[in-house]
Amino acid sequence: MIDKLDFLLALAREQHFGHAAEACGVTQQTLSAGVKQLENRFGVQLVLRGSRFQGFTPEGERVLEWARRIVADARAMHEEVTGLRRGLTGHLRIAAIPTALPMIVNLTTPYRERHPDVRLTVESATSADIFSLIENLEADAGLTYLDNEPLGRVISVPLYRERYRLVTAIGGPFEGRTSVTWAETSRLPLCLLTPNMQNRRIIDQQIREAGADPAATLESNSMIVLLTHVRTLRWASIMPEILVDALGPMEGVRTIPITAPDLEHTIGLVAPRREPSTPMVTALVAIARSLARTLDPDLAAPGPS
């Protein structure tokens, strides 16, 4: 039954019978037969079929919700029983918004020291995709904004506040200034994250509220791309303060705080709210809470939020 429910989850993720079968490591015939056996067991049609996958029936959508719970609990049970015998082992998957990626090392390094048999994967994703990945059991936890979008059924651990700086060439229009306004940033050729990123939506909103046009001359979903363009000294960018500090000095480049208004958003760890939680996620949440006390004591939460 667990394997067949896994087939259904893969089909929901991939939206394609062949791709779902490949993700599960089985033939398409085996996957289709497994889904059909589920339908026979429940006595209802779960999947809309044609020449290709067409979606789920209303009954199929409900079975999907139960499948996510059952498969997650089965994985947690297996992980906990295995851990009782030989300590934490397995694969922990973390999704993070691009601007928070430099902070991941503060979680993964102590995690690796305490649980060396756990394999870690870090994936860059939009804030909306992070919650989808967690819901569909494709990620175990995420690092994202906590105060802009509905969080849903998750544990959240606030870690730090994202503040913003203009990253621009030394000797540019704002040479000698100790701060700039949001309206003034729009006068420069800006390279920014793509509009599907929440960081970009935050920046656009602030520039518009300042009465200016937030249009960028270059967009990318990669912070590396933005940084390489800033290093040419022909582009400027708006980046979180903590990211700029983590990167260190860049030749010919300076950073200037952006004020009027002083803006900040809370970044934190999110993980599924399940009882019992998986031991690997429980260990990650504990490390995140410890890290929060050093990064921003005012944000550190005494318990689950």
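Where does Asn136 lie? Asn136 is found in the loop between α6 and β5, with helices (H or I, at least four residues) and strands (E, at least two) taken as DSSP runs numbered from the N terminus.

## Ground rules

This is a predicted model, where local features need pLDDT of at least 70, side-chain atom pairs count only at pLDDT 80 or more, and totals for chains, interfaces and linings use all residues. Residues are numbered from 1 along each chain as its sequence is written, and side-chain values use heavy atoms, with hydrogens and water left out.

## Helix α6 and what follows it

Let's start with α6, residues 127–135, where Ser127, Ile130, Phe131, Leu133 and Ile134 are buried. Here buried means under 20% relative accessible area, exposed means over 50%, and partly exposed is in between (1.4 Å probe, protein chains only). Those residues sit on the same side of α6 because they cover an arc of only 160° around the axis; the arc is that of the directions from the helix axis to the C-beta atoms. The partners of the buried residues of α6 are β3 (90–96), β4 (118–124), β5 (141–145), β6 (154–169), α8 (198–209) and β12 (264–272).

Back to Asn136: its relative accessible area is 14%, so Asn136 counts as buried. Leaving out residues up to four places away in sequence, Asn136 touches Arg13 and Arg68, a contact being heavy atoms within 4.5 Å.

Most residues other than glycine have a negative phi, and most peptide bonds are trans. Gln15 has a positive phi, near 60°, and is not a glycine. Gln15 is in the loop between α1 and α2, and with a relative accessible area of 44% Gln15 is partly exposed.

Leu233 isn't a glycine either, yet its phi is positive at about 70°. Leu233 lies in the loop between α9 (223–231) and β10 (237–240). Its relative accessible area is 41%, so Leu233 is partly exposed.

## Val244 in helix α10

Val244 belongs to helix α10 (residues 241–247). Its relative accessible area is 7%, so Val244 counts as buried. Setting aside neighbours within four places in sequence, Val244 is in contact with Val167, Met239 and Thr255. The C-alpha atoms of Val244 and Arg165 are 8.1 Å apart, while the two residues are 79 apart along the chain.
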